Amino acid sequence: MISHLLGLLRVVAASFKMQAKERATNQFFIGTLLITPIIFTLLSVGSYIYAGKTNFGLYAVIGAGMIGIWNANLWTSGRIIEGERRGGTLSMLIAAPTPFPVVLVGKSLSNAAASLISMAMTFATGLIVFRLPVDIANPFAFIVSLLLTLAAMTSFGLVLGSFFVLTRNAGAFIEVTNYPIFILSGLMFPLTILPLWLRPLSATLAPMWGNLALGTAAGLVAGNPWLIDLYLIGLSLVYLMIARPLFAKIEHRVRQDGSLEVF
Amino acid sequence: MSAIVIENLGRNFVTTTGTIRRTQKTVTALDNVSLTVEPGELFGLLGPNGAGKTTLTRILSTVLLPTSGRAEVLGLDVVRDTKQLRPRIGMVYGGERGLYWRLSGRDNIQYFADLYLVPPEVSRKRIPELLELVGLTDRAEERVEGYSRGMKQRLHIARGLINDPDVLFLDEPTIGLDPIAARELRTVIADLHKAGKTIFLTSHYMYEVDALCQRVAVVNKGQIVMMDTPAALKQLVANLEVVEVECLSVSPEAMSRLRAHPRVEAVHVDNRDQIQVLQIQAPGGVGYVPEFLQLLDGASIQKVVTRQPTLEDAYVKLLGKDAISV
Ligand SMILES: Nc1ncnc2c1ncn2[C@@H]1O[C@H](COP(=O)(O)OP(=O)(O)O)[C@@H](O)[C@H]1O
Ligand SMILES: [Mg+2]
């Protein structure tokens, strides 16, 4: 029992590591992780400063960082299963004795960890280009919130990745959903600008709560970061609960329909 | 206990075509297939493209569910007992897919060692052994994308052996390999058989099955046409002689005239670049060569030879016009 559990943990670690190795050789992801966050920071902080709202600087940096994290997870974790399908390794993973979701968790976690680079890039850009001071009110809560945000993003990525491979339209979905999710999560400008009826939609999105948790921890938004962290944990669990039947559906598609093969 | 037991196995695929007016089509990939393979046997499944070889291999390796019938591997049901069965079998599909191209050969094997829950102290010893077995020790640290087809295929085999499986499924392992690489791979397969593994091999190369397998099942359109030893298969055509005629253009009329000749049992046409090679199977065929050539009047005949029948001729005889050129 314990050795089996250790074995599964080893699978998570191995999947984490091999995903990192694969990512390191992929220039597209390097661009997503390093370049895009810088551009978003320049755009976002730049427009606030131009509008004379310099006190929004840190808000914009965090938002751009969240965009970076979100983007990285969407493009990497959202496409894991699709990538395995195209590479012909999906059925190998299904045939292996390890449950397929364990592999996915390892790979998605790896991407989430790498997406931290995006956050680091936005802070660095803010500091170097705009000389924005990094003035975080509650650093400990900030770090915990960041980690929980990554957990929620990972779980969200698992849902999206399963959804994409089941609908066979990952590319189009990513293009269409990417910007609305930035906006609905308040990553570009505060949510208060949006009409009220959009709030329930925003409340289902991991990036919006992550952004809020980081904002409160940084002292930019009034509120208790720990409460929002609790919400992030709950949200992650909900995502995982949604992901479970989707994983089962994928396995079903492979084994029952034989329709996830590329010839 | 038999290593593999298959009873009345069937598999259909439902495919939909068209976006607006969607029409469903059912393809029968396997139709009432039954066979058994004994422990330690090297069993061959021989058939043309689309015969159902991959479908059967996928079902036996638990990746696909049958539509009807049942199959057991090592006494375990391939549908229900996947948890116990998966750690004990290995599978290798032909072709270049199914590997992580951006990773090194060693990383690929190491990853599957972890996926198969092979204890680290075991895999530390086994991985170098497997790399040695398939002759990739010197190239193990290179990325797979730089490998030749033959190297990828050998890496596949090493990967499929990482859990030291009792039964190994090899689906057209030598497909697309040059003759030398294919021969090297066959040596590896023969060695594995000597080491006591039960091997289920599919192929559409007659020669391969003849050289490796103890028993062979010929499948066509999802059905088993014949099952016996390669020698018995050859016996099918023992009394035949084969007349090979190379020509430039044979008309359909000439072909039907030829097929109607009372002595002719089968005619198979190989299209090779600019020329067509007719393989005419006929008992005592040598004596009838002049008659055959007369029937083929106007076909620009280049060369005529007579030869003893091979396993390939048995295959042609069994499958008739479904046999494809190899
Ligand atoms: N996933 C699938 N979806 C639809 N049809 C399939 C699928 N897999 C195989 N088939 C069909 O089943 C038949 C047998 O295919 P296959 O088992 O791949 O044959 P072989 O491996 O002998 O070439 C073919 O007609 C093929 O088109
Ligand atoms: Mg095949």
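This is a predicted model: local features need pLDDT of at least 70, side-chain atom pairs count only at pLDDT 80 or more; totals for chains, interfaces and linings use all residues.
1. Conventions. Local features need pLDDT of at least 70, side-chain atom pairs count only at pLDDT 80 or more, and totals for chains, interfaces and linings use all residues. Residues are numbered from 1 along each chain as written, chains are lettered from A and ligands numbered from 1 in written order, and side-chain values use heavy atoms, without hydrogens and water.

2. Location. Ligand 1 sits between chains A and B. It is surrounded by 14 residues (a heavy atom within 4 Å). The closest are Gly258(A), Gly50(B), Lys53(B), Thr54(B) and Thr55(B).

3. Backbone contacts. Polar contacts here are pairs of N or O atoms within 3.5 Å. Oxygen atoms of ligand 1 lie 2.7 Å from a backbone N or O atom of Gly50(B), 3.1 Å from a polar backbone atom of Ala51(B) and 2.8 Å from a backbone N or O atom of Lys53(B).

4. Cover. On its own, ligand 1 has 550 Å² of accessible area, and the protein covers 75% of that (Shrake-Rupley method, 1.4 Å probe).

5. Shell. α1(B) gives the largest share, three residues (helices are DSSP runs of H or I, at least four residues). By class, the shell holds six nonpolar, seven polar and one charged; Asp, Glu, Lys and Arg count as charged, Ala, Val, Leu, Ile, Met, Phe, Trp, Tyr, Cys and Pro as nonpolar, and the others, Gly among them, as polar.

6. Helix pair. α5 (149-160) and α6 (179-194) of chain B pack at about 15 degrees, axes 10 Å apart (lines fitted to C-alpha atoms over the stretch in contact, with angles from 0 to 180 degrees between N-to-C directions). α5(B) and α6(B) are therefore roughly parallel (under 35 degrees).

Methods. A polar contact is a pair of N or O atoms within 3.5 Å; within protein, one must be able to donate a hydrogen and the other to accept it, and residues adjacent in sequence count only if both atoms are side-chain atoms. Helices (H or I, at least four residues) and strands (E, at least two) are DSSP runs, numbered from the N terminus. Angles under 35 degrees count as roughly parallel, over 145 as roughly antiparallel, 65 to 115 as roughly perpendicular and the rest as oblique.
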